[in-house]
2 protein chains.
Amino acid sequence: MKLTLLLTASLVVSFAHAQSNAPAAGAKTQEPSYTPAERPGDGKPVCGLGASFHAGRRKALREALGDGIVVVRGLPDVRDYLPFHQDKVFWYLTGVESPNAALVIDCKSGREVLLLPKANTGRESWDGELWDADDAWVKELTGFSEVRDSDELAAVLGELVKADTTLWISMHPNVALAGCYDQAAGTDMAIHKDPFDGRVSREQALKDALTKQFSVEAKDFTKKLNELRRVKQPEEIAAMRRAGRAGALAMAEAMRSTAPNMGEWELDGLMSWIQMREGAVGPAYHAIVGSGANSLVLHYGDSSRRMQDGEVILIDYAPEVDHYDSDITRTWPVNGKFTARQAELYDAVFEAQAAGIAAVKPGVTIRDVESACSAVLAKHNFSQFVRHGACHYIGMEVHDVGSGGAKLVPGVCFTVEPGLYEEKTGIGIRIEDVVCVTESGCEVLSRDVPKDRATVEKLVTEQGVLDWLAQRKQ
Amino acid sequence: MKLTLLLTASLVVSFAHAQSNAPAAGAKTQEPSYTPAERPGDGKPVCGLGASFHAGRRKALREALGDGIVVVRGLPDVRDYLPFHQDKVFWYLTGVESPNAALVIDCKSGREVLLLPKANTGRESWDGELWDADDAWVKELTGFSEVRDSDELAAVLGELVKADTTLWISMHPNVALAGCYDQAAGTDMAIHKDPFDGRVSREQALKDALTKQFSVEAKDFTKKLNELRRVKQPEEIAAMRRAGRAGALAMAEAMRSTAPNMGEWELDGLMSWIQMREGAVGPAYHAIVGSGANSLVLHYGDSSRRMQDGEVILIDYAPEVDHYDSDITRTWPVNGKFTARQAELYDAVFEAQAAGIAAVKPGVTIRDVESACSAVLAKHNFSQFVRHGACHYIGMEVHDVGSGGAKLVPGVCFTVEPGLYEEKTGIGIRIEDVVCVTESGCEVLSRDVPKDRATVEKLVTEQGVLDWLAQRKQ
């Protein structure tokens with residue numbers, strides 16, 4: 001998840017043998033162990049991936065823009081009784097996990113102002129420590145030397161914005177946990193065009209307000225920021241590795257616990273739990289847990305059917321850890337043994353994914369990687385069962401920003417996820433991992449979940465949490 | 001969760017002995033068993049709690065309003081990659097779990113029109129079966145004889161709305177899974193008043209659009225609908241019973257799995273999973289998992305601390321099942337044995353809750369129940385440790401609609417949740433259950449989770465899922 005539309009016809013190219021960074025067929029992946037991950041802070045506020053990481057991102061944006069005033073707003077309070085999750089763009093530039101915060105940067109002078117809500121001791125007695133402008137720890141934790149009340153945003157901008165100032169804002173749709181710009185933009189536009197609604201997006205509302213208050217038309221810095229976001233820093237890659245590991249352990253546990261007549265929702269819930277146990281704040285996207293014919297429904301999200309003996313189950317589900325996503329798919333037999341046809345399709349997808357991963361290196365594009373996958377599927381005469389592209393960028397959003405035609409460089413992260421979907425037999429097979437481009441090839445960030453057919457079959461027959469619970473009942 | 005502010009001074013009244021519907025101290029609650037709940041439909045669309053339930057709610061609203069045209073809109077597509085959850089008001093009146101749907105009712109003639117999105121086969125090949133106006137199964141499933149395209153809403157209203165028509169809409173803030181009108185209304189108002197945003201709520205946007213298009217000022221039917229919502233129908237009580245049971249099984253498993261040095265997030269994730277396993281679609285509100293001094297933070301939501309030997313852990317967490325919420329709190333010792341002071345405070349809260357539950361019957365108010373709780377705490381000279389009221393309505397929203405001064409009648413559901421919070425010792429104790437008023441008293445809908453001190457201590461020492469996982473590692 002989320003697959004991208006298949007835009008190009010499969011190119012038939014010869015299959016290159018897997019490079020050393022791709023798993024050999026039949027190789028046994030190390031058994032995951034259950035050492036629960038730490039949560040940062042042990043109950044105390046943290047500044048994202050560290051003050052220096054976020055300061056570095058602000059500096060890079062400042063240098064990319066050269067001149068002008070940047071204003072970025074965080075999200076308001078949540079509307080429901082769920083935890084607050086910060087907007088991705090604001091978080092990337094600050095690491096601050098507080099509602100009603102804002103950031104102002106003067107690109108030329110380098111002055112940076114963090115704006116936080118006023119102290120509210122009444123609310124803190126109910127909610128615990130909140131970020132506010134009066135907290136002495138904020139400056140030390142975040143590295144901001146200037147922290148002001150959010151109510152002063154207009155005053156701060158009033159000091160800085162003149163008639164000829166270039167005012168920079170983000171028009172990227174605000175997204176938080178499990179959010180993605182493509183989905184958000186579509187919904188925002190539909191609401192705006194709705195004859196019984198018509199409201200503009202939060203970004204447009206900010207732009208309109210700035211024009212009205214300062215007679216300056218704000219410009220969008222998204223293109224410049226996205227160039228930075230496409231190439232991950234070491235701290236980001238480490239977070240994506242944590243997300244990959246949490247997702248891998250959850251997927252392996254789902255394999256162990258699978259049995260005929262189990263509800264799809266049981267594996268959905270089980271994986272959500274193991275992910276959280278391993279440090280996730282939540283899902284990177286909704287679980288796709290498709291048994292039988294549901295394995296053909298690319299974004300099936302109901303998890304409401306009982307899986308049957310003889311079917312495959314396709315699970316596409318991964319967590320978000322420290323604001324970074326993973327995206328993992330595996331397919332396995334509900335009863336622990338692939339049928340001949342299931343195995344035939346599985347092996348082709350496995351080979352295609354290995355070819356795709358082997359093709360990853362600096363200088364090529366993700367289109368080249370997709371071609372490497374589709375060539376293998378074509379070689380096996382399975383092209384008619386292909387329904388989606390094999391790659392998309394991933395980072396803070398599950399479909400992360402970046403151009404598909406751009407050359408890969410070290411630090412770029414994306415998925416490799418070929419799939420085959422045979423309507424007639426109700427067999428859908430997809431295998432997906434997240435890779436990060438290195439100097440010589442790539443690192444598979446989700447490598448801890450087995451995928452060779454023999455290991456997968458073996459894992460399904462092992463005792464899982466759900467097996468143990470079923471036994472305890474007696 | 002979510003506690004209500006303590007509005008009235010505690011009334012010192014004499015303690016009435018628990019009635020038969022309140023648990024006797026020391027009584028052993030039946031051990032929960034792990035029979036996973038069914039999900040309705042086994043992969044096929046369902047109409048909420050059944051077509052006749054929702055038709056009955058429409059009829060009751062029609063009769064309450066007498067005349068005029070009702071228009072209610074469901075929610076648009078989600079902005080993030082999470083499952084769609086319908087707005088509560090729209091769902092209550094239709095049972096339809098589809099984005100971009102609407103309902104029109106002519107109160108006088110009884111004509112009812114369901115509006116659904118146009119068929120979109122391209123999207124269905126990716127997402128599976130979607131509700132659309134062309135689906136023949138919709139009429140049979142929902143009982144609506146007239147189903148039209150959502151695009152025709154203006155045309156349908158154009159037929160029905162004349163210059164003197166009373167047009168009825170809901171100004172209740174739209175809320176879905178884990179949403180609640182009090183939180184939503186506050187955030188909507190803050191956005192509207194924000195000088196850098198200023199957008200109106202979805203409800204106000206609809207009202208404005210209707211005024212503009214039909215020159216009629218729409219009236220709010222919320223007050224009439226809330227009177228209906230306050231008294232639960234048998235189908236609703238059954239759903240709340242399912243929610244109570246799923247929450248109870250999750251809470252009991254958290255007790256079994258608790259051990260010193262465990263992360264609060266581990267119990268948060270464990271409970272989320274067990275709830276889903278037992279049929280929940282998600283949480284009714286975010287988990288409050290407070291160990292040690294965090295037990296004093298009434299809405300603590302970080303779940304990021306490791307609990308320590310000798311502390312209590314207070315968990316306030318429950319699921320939503322079939323659009324209805326539960327709300328359960330238990331407090332237990334991390335090491336399985338309450339200290340003398342913890343036990344003293346615990347026993348007082350336990351006694352207070354029993355007194356509150358014993359006071360529930362038709363004819364009294366929830367204020368009377370709160371007084372029964374606070375009288376017990378006052379008797380023990382613990383009033384200085386009381387920080388919140390003991391009751392709030394519950395239903396489709398965790399703080400459900402209804403007046404605190406209204407007389408109780410059979411079918412009204414609310415929480416009974418006294419608590420004591422001693423800053424000096426870092427001990428917070430709360431015990432909370434959901435009750436439903438019956439002809440003679442009440443039914444405790446969350447009764448399957450133990451609360452007498454001895455059973456709670458025993459459960460903590462039993463082997464839980466997390467214990468088993470820790471063993472498997474070796």
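Contact means heavy atoms within 4.5 Å. This is a predicted model, in which local features need pLDDT of at least 70 and side-chain atom pairs count only at pLDDT 80 or more, while totals for chains, interfaces and linings use all residues. Residues are numbered from 1 along each chain as its sequence is written, chains are lettered from A, and side-chain values use heavy atoms, with hydrogens and water left out.

**Exercise 1. The interface**

Task: State how many residues the contact takes from chain A and from chain B, and describe the area and the salt bridges between them.

Solution. 
1. Chain A gives 91 residues to the contact, and chain B gives 91 residues.
2. Buried area is the accessible area (1.4 Å probe) that two parts lose on being put together, summed over both. For chain A and chain B this comes to about 7,600 Å², with 57% of it on carbon and sulfur atoms.
3. On the side of chain A, the residues that lose the most area to chain B are A:Tyr81, A:Trp126 and A:Phe196, together 15% of what that side buries.
4. Eight salt bridges (a side-chain nitrogen of Lys or Arg within 4 Å of a carboxyl oxygen of Asp or Glu) are counted between the chains. One of them joins B:Arg202 to A:Asp197, whose closest N and O atoms are 3.1 Å apart.

**Exercise 2. The symmetry**

Task: Find the relation between chain A and chain B.

Solution. 
1. Superpose the copies by least squares on the C-alpha atoms of residues with pLDDT of at least 70 in both.

**Exercise 3. A sheet in chain B**

Task: Give the strand order of the open sheet in chain B and identify its edges.

Solution. 
1. Strands (E, at least two residues) are DSSP runs, numbered from the N terminus, and two strands pair if DSSP finds at least two bridges between them.
2. The order in chain B is 8-9-12, with antiparallel pairing.
3. Strand 8 (288–291) and strand 12 (329–333) of chain B each have a single partner strand, so they stand at the edges.
4. Strand 9 (residues 312–316) of chain B pairs with strand 12 of chain B over five bridges. In this pair, B:Val312 stands opposite B:Pro333.

Notes:
Helix = DSSP H or I, 4+ residues; strand = E, 2+ residues; numbered from the N terminus.
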